[in-house]
Amino acid sequence: MDTFYKNINQQMAALTEDCPSLISALSNAAALLYHALPNINWAGFYLAKGSNLLLGPFGGNPACTQIPFGKGVCGTAAQTRNTLVVPDVHLFEGHIACDGASESEIVIPLIHNNQIVGVLDIDSPIKNRFSDSDKIGLEETAQLLSALTLWDSFSVC
């Protein structure tokens, strides 16, 4: 992992350590990513409830509030449990355009105790914004957040 993501993930660990609330931890995580990552226009979380993803903490413009599993980039990543890097969202069949300025996207599933609990979603107004280094670094971020024991007692409204 490169130095940039090593630093981000060290900060992420410090922000989430001893945090009393999952929403607080994810809010700080979204803020850190939104302000630290260059050339992005949205960074945040969708949280699993049943077969849907509900909007969680984020930084950026207002967003879609509910996404079914299997729909759009976020729903597909949740259903397949695989990271999706989309160089051009306009070429992704079924893309849900919450922000018309978004051109590329990366979505990483959050899996806790072998259950999908949500996704980390980051959009960019630039095509081909997300590299292999971003994928590796952000997957580490997602693993760090997925390991929080706060998920054990959390329920999406």
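This is a predicted model: local features need pLDDT of at least 70, side-chain atom pairs count only at pLDDT 80 or more; totals for chains, interfaces and linings use all residues.
Q: What makes the span of α2 close to the expected one?
A: Helix α2 covers residues 22-36, which is 15 residues, and reaches 21 Å from its first C-alpha to its last. The expected span is 1.5 Å times one less than the number of residues. For α2 the expectation is 21 Å, and the helix is therefore close to it.

Q: Which residues of α2 are buried, and on how wide an arc do they lie?
A: Leu22, Ala25, Leu26, Ala29, Ala30, Leu32 and Leu33 are buried, a term for a relative accessible area under 20%. These residues cover an arc of only 165° around the axis, so they lie on the same side of α2. In general, residues three or four places apart in an α-helix point the same way, because there are 3.6 residues a turn.

Q: What covers the buried residues of α2?
A: The cover includes the helices α1 (3-16) and α4 (132-146), together with the strands β1 (42-49), β2 (52-60) and β6 (115-124).

Q: Why is Asn114 called exposed?
A: Its relative accessible area is 61%, and exposed means over 50%, so Asn114 qualifies. Asn114 lies in the loop between β5 (104-112) and β6, and its phi is near 65°, a positive value in a residue other than glycine.

Q: How do you know that Asn128 is exposed?
A: Asn128 has 58% relative accessibility, and the term requires over 50%, so Asn128 counts as exposed. Asn128 lies in the loop between β6 and α4.

Key:
Residues are numbered from 1 along each chain as its sequence is written. Side-chain values use heavy atoms; hydrogens and water are left out. Helices (H or I, at least four residues) and strands (E, at least two) are DSSP runs, numbered from the N terminus. Buried means under 20% relative accessible area, exposed over 50%, partly exposed in between (1.4 Å probe, protein chains only). The arc is that of the directions from the helix axis to the C-beta atoms. Contact means heavy atoms within 4.5 Å.
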